[in-house]
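Here is a short report for someone meeting this structure for the first time. Look at the sequence and the model first, then read on.

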Amino acid sequence: MKITKICCIGAGYVGGPTMAVIAQKCPHIQVTVVDLNQERIAAWNDQDVKNIPIYEPGLAEVVGEARGRNLFFSTDVDKAIDEAQVIFISVNTPTKTYGKGKGMAADLKYIELCARQIARVAKEDKIVVEKSTLPVRTAEAIKSILDNTGNGVQFQILSNPEFLAEGTAVSDLLDPDRILIGGDESVEGQKAINALVSVYANWVAADKILTTNVWSSELSKLTANAFLAQRISSINAMSELCEKTGADVNQVAKAIGMDSRIGSKFLKASVGFGGSCFQKDILNLVYIAKSYGLNEVADYWEQVIIMNDYQKRRFSNKIVQTLYNTVSGKKITFLGWAFKKDTNDTRESAAIYVADDLMSEQAQIVVFDPKVSEKKILADLDYLETRTLDQNKALIAAVEDPYEGCKGAHAIAVLTEWDEFKEYDWQRIYDGMQKPAFIFDGRNILNGQELKNIGFIYQAIGS
Ligand code: UDX
Ligand code: ADP
């Protein structure tokens, strides 16, 4: 089958960049990205391509090239489904906040709504591709809905998890380590797999396109995220031991990373991992393991989350303890709010939890993040339901200028590893702060010795 029309339901951090790159690399394929969120679609269509709703290095350029040519953003979901041969589902799958599996299982209501909508609209055979990270055997549920509520047309369900990391989404998509496509082992299933392979083959080498059965593909995605998160919790666990023993976690990470079996990536000790995937996917894995009665497996993976929560709390406790056991009324300036650099995404960012802890101790928080607005920060805190919006507003504010933000502060806390923080005029910042002037570097990115020479009391993670 020659693919000429695809659509993607969900114009988020995964769907948006992924479809933009497919459109750029496959000018012969018409790609339509649809979303119920009108504001988001309007932003994707903004005349000034710099105003697209997702900040990713290089993304505006890719969208600028393909948009209006073979890349379209729309709220007309029915039309896009009707026209497409291949439908990607890239909607959100948050952790359930109610009922059975609350706080652990993935909430599949958005996926189910999509499946029902596809079933209702489709008048011809379609390939439906799971792009969102999903629990194992979700494809089965989607298939059952499609087959039982559809108009008698044939659906092939493929699992094609996305491994891009935010902040490097465009380069990850252009040059992926691998593309994973899981499908049914029947003849029809193989045809669908081949059709999707032919799309990626426009720019990805054949030996990097891996095909498996659906369940292996679904579980591989959860496993990859669990392994990655586990590395961070492992090095973060060692960071506390380093602090107690006089070892330096950066030196330890370098020493172990040179072992080719371990590898050097993903060993940066930090204030804790954030992002929309790691916690959600591990909780989901834990839930799945428990549902099969595999309690030891579940406990093993749950420890990764327990360690991460501990690392965030440990950071806020350290700030309180170091500031003479009270931060009440003290100004603490956060550099960074996003969950990592080069993204405007704040989901599950460690900054949210550290701020919440310090606000409970009545600290006055000021935030500077190059890509995150005050509105977003307040929405993130609101979601925790610790305080009312007005109570939060009394304790936290964002600033547009980092020097202004640091003026009069008792302490600075680095929560995101934005490169620009390293280039600041730290003498100027020091001169404007209360003394003693403290810096808590939650990302180990600043030059501690230089800061100490200026007069700062500098504390890093794991040394
Ligand atoms: C992750 C996976 O990397 C990606 O493959 C998957 O598709 C989605 O989930 P993402 O969450 O976008 O991607 O970013 P990632 O680079 O993995 O970082 C996640 C969190 O871990 C961030 O908060 C980051 O700051 C933190 N981190 C990462 C560390 O604390 N130390 C490290 O060494 C690496
Ligand atoms: P991700 O990081 O996985 O891309 P996001 O939350 O950024 O997740 O994006 C998911 C998008 O899916 C949101 O913009 C949301 O509005 C959209 N969405 C959810 N359900 C539907 C649906 N049934 N039809 C269309 N769009 C949907």
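Predicted model: local features only at pLDDT ≥ 70, side-chain atom pairs only at ≥ 80, totals over all residues.

## Terms and model

Ala, Val, Leu, Ile, Met, Phe, Trp, Tyr, Cys and Pro count here as nonpolar; Asp, Glu, Lys and Arg count as charged; the others, Gly among them, count as polar.

Residues are numbered from 1 along each chain as its sequence is written, chains are lettered from A and ligands numbered from 1 in the order in which they are written, and side-chain values use heavy atoms, with hydrogens and water left out.

## Around ligand 2

Polar contacts are pairs of N or O atoms within 3.5 Å. The side chain of Arg40 places an N or O atom 2.6 Å from a ligand 2 oxygen. For a polar side-chain atom of Arg347, the distance to a ligand 2 oxygen is 2.8 Å. Tyr13 uses its backbone: an N or O atom there lies 3.0 Å from an oxygen of ligand 2. Alone, ligand 2 exposes 580 Å², and the protein buries 88% of that (areas by the Shrake-Rupley method with a 1.4 Å probe).

## Around ligand 1

Ligand 1 is surrounded by 20 residues. The closest are Phe163, Lys221, Ser270, Lys340 and Arg443. By class, 11 are nonpolar, 3 polar and 6 charged. Helix H9 (residues 214-245) gives the largest share, 4 residues. Helices are DSSP runs of H or I, at least four residues long, numbered from the N terminus.

Taken alone, ligand 1 exposes 670 Å², of which the protein buries 91%.

## Nonpolar cores

A nonpolar core joins buried Ala, Val, Leu, Ile, Met, Phe, Trp, Tyr and Cys residues through side-chain atoms within 4.5 Å. Buried means under 20% relative accessible area (1.4 Å probe, protein chains only). The largest core has 60 residues. Ile332, Phe334, Trp337, Leu358, Ile396 and Trp426 have the most contacts inside it. Helix H13 (residues 350-360) gives the most to this core, 7 residues.

A second, separate core has 46 residues, including Val21, Cys26, Ala66 and Ile193.

Note on methods
Buried < 20%, exposed > 50% of the residue type's maximum accessible area, 1.4 Å probe, protein only. Helix = DSSP H or I, 4+ residues; strand = E, 2+ residues; numbered from the N terminus. Polar contact = N/O pair within 3.5 Å; in protein donor to acceptor, adjacent residues only side chain to side chain. Near = heavy atom within 4 Å.
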